[in-house]
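Subject: Handover of a protein structure

Dear colleague,

Please find below the structure that I am handing over to you.

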Amino acid sequence: MNTKFKDIVKLFQKLPGVGPRQAARFVIALMDKPEEELREFGKAVANLRKEISFCPVCFNISDNGLCSVCLDGKRDQAKLLVVEKVTDLDSIERTGLYKGLYHVLGGAINPLDGLTPETLRLKELAERIGKLGDKNIELIIATNPNTAGETTSHYIREVFGSASWRKKGVYLTRLARGLSSGSNLEYTDEITLKNALDYRK
Ligand SMILES: [Zn+2]
């Protein structure tokens with residue numbers, strides 16, 4: 001087989017959840033595209049780091065600097081919803097029902113994949129809440145209802161549920177009702193997410 005073909009298939013396999021067959025399908029689909037479109041594709045990938053970055057406050061995607069949520073002064077500054085990934089944040093934003101702020105952890109605790117609490121943005125979360133002083137802050141845990149998500153949720157409860165954080169005004173809630181165990185926020189429909197937000201406890 002053409003080694004160039006194999007090389008580019010290998011590149012696509014670097015993406016999460018893409019196996020060799022799907023990677024090959026991607027490459028074959030791209031071969032049908034006009035030259036111009038491929039050039040645009042390549043340019044967008046090449047400039048990715050220059051043009052898109054993570055918000056330095058909540059780690060949402062932004063075009064350099066603060067993200068649109070953090071820049072929006074009308075957002076409820078006393079609510080911080082903690083998600084694993086930017087795609088989870090997007091799912092909740094799409095419901096249009098949540099008016100607070102976010103914190104994106106960058107994953108969930110899963111030691112088998114090398115994801116320990118230290119690799120997540122928990123230190124940044126603690127610093128961020130610390131800077132808010134003694135205002136009342138609702139920390140809404142919205143990790144996924146699967147093993148890694150639950151482990152992360154327990155960890156957050158242990159750390160931020162401590163007496164010292166409570167004294168600072170931090171109280172914890174958790175999205176729960178309606179989310180079936182083992183599911184993923186990213187693929188949860190809006191009505192279920194709305195219920196999970198409304199009935200958090
Ligand atoms: Zn932000």
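In what order do the four strands of the open sheet stand, and is their pairing parallel or antiparallel? The order is E4-E3-E5-E6, and the strands pair in parallel. At the edges stand strand E4 (100-104) and E6, each of which pairs on one side only. On average, neighbouring strands of this sheet are turned by 25° against each other, direction ignored. Please bear in mind throughout that this is a predicted model.

As background, the strands of a sheet pair through backbone hydrogen bonds, in either a parallel or an antiparallel manner.

The pairings can be followed across the sheet. E3 and E4 run parallel and are joined by five bridges; here Leu81 stands opposite Tyr102 in E4. Strand E3 (residues 76-83) is also joined to E5, by four bridges, and these two run parallel. Within that pairing, Leu80 has Leu139 of E5 as its bridge partner. E5 is in turn joined to strand E6 (residues 170-174) by five bridges, again in parallel. Leu139 has Leu172 as its bridge partner in E6. Helix H8 (residues 147-160) lies across E3, E5 and E6, and runs at about 160° to E6.

The protein as a whole may be described next. Its secondary structure comes to 10 helices and six strands. The C-alpha trace spans about 65 × 35 × 35 Å along its principal axes. Of the 201 residues in the protein, 23% are buried. Among contacts between residues at least 6 apart in sequence, 54% join residues at least 24 apart. The protein is divided into domain 1 (3-51) and domain 2 (67-198). The centres of domain 1 and domain 2, taken over C-alpha atoms, are separated by 33 Å.

How do helix H1 and helix H2 cross? The axes of helix H1 (residues 3-12) and helix H2 (residues 20-31) come within 8 Å and cross at roughly 115°. The crossing of H1 past H2 is right-handed. On the side of H1, the contact is made by Phe5, Ile8, Val9 and Phe12, and on the side of H2 by Pro20, Ala23, Ala24, Phe26 and Val27.

Two lysines belong to this part of the chain. Lys6 has its place in helix H1. Lys6 counts as exposed because it has 12 C-beta neighbours inside 10 Å, and a residue is exposed if it has 12 or fewer. Between the C-alpha atoms of Lys6 and Ser53, which are 47 residues apart along the chain, the separation is 30 Å. Lys14 lies in the loop between H1 and H2. With 8 other C-beta atoms within 10 Å, Lys14 is exposed. The C-alpha atoms of Lys14 and Tyr199 are 39 Å from each other, and these residues are 185 apart along the chain.

An annotated region deserves a separate note. According to an unreviewed UniProt entry, the annotation "zinc finger region: C4-type" covers residues 55-70. Over residues 55-70 the chain is 19% helix and 12% strand, and the end C-alpha atoms are 8 Å apart.

Phe59 is found in the loop between strand E1 (53-54) and strand E2 (61-62). Is Phe59 buried or exposed? Phe59 counts as buried because it has 22 C-beta neighbours inside 10 Å, where 20 or more are required. The phi of Phe59 is near 70°, a positive value in a residue other than glycine. For comparison, most residues other than glycine have a negative phi.

Leu66 is found in the loop between E2 and helix H5 (68-71). With 14 other C-beta atoms within 10 Å, Leu66 is partly exposed. Which residues does Leu66 touch, not counting residues up to four places away in sequence? They are Cys55, Val57 and Leu71. The C-alpha atoms of Leu66 and Phe54, 12 residues apart along the chain, are separated by 8.2 Å.

Yours sincerely,
A colleague

Note on methods:
Residues numbered from 1 in each chain as written. Predicted model: local features only at pLDDT ≥ 70, side-chain atom pairs only at ≥ 80, totals over all residues. UniProt positions renumbered as here; feature names shortened; annotations may be inferred. Pairing = 2+ DSSP bridges. Domains from an automatic or database assignment. Axes fitted to C-alpha atoms, helices over the stretch in contact; angles between N-to-C directions. Contact = placed C-beta atoms within 7 Å. Left-handed = near helix turned anticlockwise from the far one by under 90°.
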